[in-house]
Amino acid sequence: MIVPALPATGAWREGHPPGRREWVRLAPLPLAAGGKLTGARLAYETWGELAPDGSNAVLVLHALTGDSHVRGRAEPGHPSPGWWHELVGPGRALDTDRWFVVAPNALGGCQGSTGPAENAADGRAWGSRFPMITVRDMVRAEVELAEALGVRRWAAVLGGSLGGMRALEWAVDQPERVGSALLLCCGAISSAEQIAWSSAQLHAIRADPDWLGGDYHQLPAGRGPHTGLGIARRIAHLTYRSPQELQDRFAAEHQDGEPAGRYAVESYLDHHADKLVRRFDAASYVALTRAMSAHDVGRDRGGVAAALRRVRARVLVAGVDSDRLFPLAQQRDLADGLPGCGPARVVRSAAGHDGFLTENDQVGALLRELLAES
């Protein structure tokens, strides 16, 4: 059921107006790890108009700390510009004069969808009571969104990183509802190294004295595990960029030329940590990171190879040549396992994993290629 714009709930979100988001109420959602999530909702944004036959709908799925704000400038309720702003809009690679573009905030997130910072039925933030969710649960919630919007089949499902995991899960779990898919910088199953990087970040957050077992949302305004989240972001950001880019930009230079001051690369990491702490909830970071670590399309489906054989969509798989978090070998293995996929495409970039967000020309060409035949 689609509901009108609602005020944000949850202690962390107070004072954050809703921007241009809309919401859909979810039926009680059975969870892969057991139990049900009740009273949940998804926030989403749309651009363009749905065709009468529903044939022009495209689903765009965000990465770990992204949200539904794919296109547009920073605005109340959306503290950051759209993360694919240059790719979505009239006449752009994802042409909103032709396509009806839908972008949900993932279940467990903190930009309008139900997550740990949102209030449960008792009026208190979910906090530590928020259940374990998986990529599969996120997609099952997005299926309800599609039903509410009247979209029986997506012309395309697109995403990178966590968004790519969700796009792949869509193609595997709902093969008749996905016409085509673009899978960027992701794999079919999380690797030991990816889980290890995530584990270090989660330890940083949980070690913060203000974590309080995940129940810090009742603290006074301004309190929370901000130091731990900032450390987690510093760790993560190192995996998002390439060693060569960091060396070329910063080398061993000090900030502002002060020999006794911070190194320039330290200042850079501090800046990104501060930005995230101001806009993201630590418990959502934990919930979504755990979901990424648990990603395995082959679980309860006879293994990865059997799961990938379920896909009926036309799929493009692409990775960034300097990505050290999701190296190209993973995309190549994924492409090899998908029926009729063809070789994985390579995005050339010094930006590392973040190349799927920064290389607009190359990613735009992939979008145009995929959508030209959709």
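Guide: Start with two helices: α3 and α7 cross in a left-handed way. This is a predicted model, where local features need pLDDT of at least 70, side-chain atom pairs count only at pLDDT 80 or more, and totals for chains, interfaces and linings use all residues. Residues are numbered from 1 along each chain as its sequence is written, and side-chain values use heavy atoms, with hydrogens and water left out.

Visitor: What makes the crossing of α3 and α7 left-handed?

Guide: The rule looks at the near helix: turned anticlockwise from the far one by less than a right angle is left-handed, clockwise is right-handed. The crossing of α3 and α7 falls on the left-handed side.

Visitor: Why is α3 called roughly antiparallel to α7?

Guide: Their axes cross at roughly 160 degrees and come within 10 Å. Axes are lines fitted to C-alpha atoms, for helices over the stretch in contact, and angles run from 0 to 180 degrees between N-to-C directions. Under 35 degrees counts as roughly parallel, over 145 as roughly antiparallel, 65 to 115 as roughly perpendicular, and the rest as oblique. So α3 is roughly antiparallel to α7.

Visitor: Which residues of α3 and α7 meet?

Guide: Contact means heavy atoms within 4.5 Å. Among them, Ile195 and Leu202 in α3, and Tyr285 and Val286 in α7, take part.

Visitor: What makes α4 and α6 oblique?

Guide: The axes of α4 and α6 cross at roughly 125 degrees and come within 8 Å. That angle belongs to the rest, and therefore the two are oblique to each other. Their crossing is right-handed.

Visitor: How is the contact of α4 with α6 divided by class?

Guide: It has seven nonpolar, four polar and three charged residues. Ala, Val, Leu, Ile, Met, Phe, Trp, Tyr, Cys and Pro count as nonpolar, Asp, Glu, Lys and Arg as charged, and the others, Gly among them, as polar.

Visitor: What volume does the largest pocket have?

Guide: About 940 Å³. A pocket is an open set of points on a 1 Å grid over the protein atoms alone, where a 1.4 Å probe fits, with protein on both sides within 12 Å along at least five of seven lines; lining residues have an atom within 4 Å of a point. The lining divides into 15 nonpolar, 19 polar and six charged residues. Its largest share, five residues, comes from α4.

Definitions and conventions: Points joined across faces, edges and corners; volume = space filled by probe spheres on them. Helix = DSSP H or I, 4+ residues; strand = E, 2+ residues; numbered from the N terminus.
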